[in-house]
Amino acid sequence: MILYDDNYFMRRAIEEAKIALQKNEVPVGAVIVSDNQIIARAHNLTETLNDVTAHAEMQAITSAANYIGGKYLKDCTLYVTLEPCQMCAGALYWSQISKIVIGASDSHRGFRVMGTKTHPKTKIIYGVMASESKELIEDFFKEKRKLK
């Protein structure tokens with residue numbers, strides 16, 4: 001029997017991050033879940049789409065809203081491998097998502113360091129599979145620095 005817990009869904013987000021990595025995108029992945037079912041999968045596409053707003057979270061929000069046929073993601077959970085930035089946190093605020101589960105923290109560009117608030121009804125859980133998520137990001141940027 002499969003246990004649909006935070007680790008299970010974060011593993012799915014990490015799979016998305018690995019797809020981004022294969023595309024030479026910053027390896028951030030996201031899934032949105034409703035009733036233990038993944039309703040949206042996404043990864044960073046900023047380079048592919050030449051669009052600074054094409055973060056994994058933004059792609060997932062749009063996909064989930066299309067899936068449910070509405071703009072509010074109440075009773076949904078976002079699993080994301082890296083702490084959302086200010087832009088994504090703002091979009092998540094407006095979506096009224098019920099829960100956000102974060103892998104690695106982002107001490108440089110994350111919404112907390114920027115002072116961005118999330119919706120007061122949104123529950124946030126930090127550090128689920130953080131080391132796996134952090135390793136993907138760190139390895140990506142180490143490789144980028146070698147190439148310069």
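Let me begin with helix H6, which gives the most to the lining of the largest pocket, with 7 residues; helices here are DSSP runs of H or I with at least four residues, numbered from the N terminus. Please keep in mind that this is a predicted model, in which local features need pLDDT of at least 70 and side-chain atom pairs count only at pLDDT 80 or more, while totals for chains, interfaces and linings use all residues. Residues are numbered from 1 along each chain as its sequence is written, and side-chain values use heavy atoms, with hydrogens and water left out.

A pocket is an open set of points on a 1 Å grid over the protein atoms alone, where a 1.4 Å probe fits, with protein on both sides within 12 Å along at least five of seven lines, and its lining residues have an atom within 4 Å of a point. The largest pocket holds about 780 Å³ of space, the volume being what is filled by probe spheres set on the points. Of its 30 lining residues, Val 26, Leu 82, Asp 106, Arg 109 and Phe 141 lie nearest the centre, and helices H2 (46-49), H3 (56-68) and H6 (130-147) each supply at least two residues of the lining.

Turning to helix H1, Arg 12 lies in that helix, and its side chain reaches the backbone oxygen of Tyr 8 at 3.2 Å. Beyond neighbours within four places in sequence, Arg 12 is in contact (heavy atoms within 4.5 Å) with Val 31, Ile 38 and Arg 41.

Lys 18 is also found in helix H1, residues 6-22, and its C-alpha atom is separated by 7.6 Å from that of Gly 29, 11 residues apart along the chain.

Terms used:
Polar contact = N/O pair within 3.5 Å; in protein donor to acceptor, adjacent residues only side chain to side chain.
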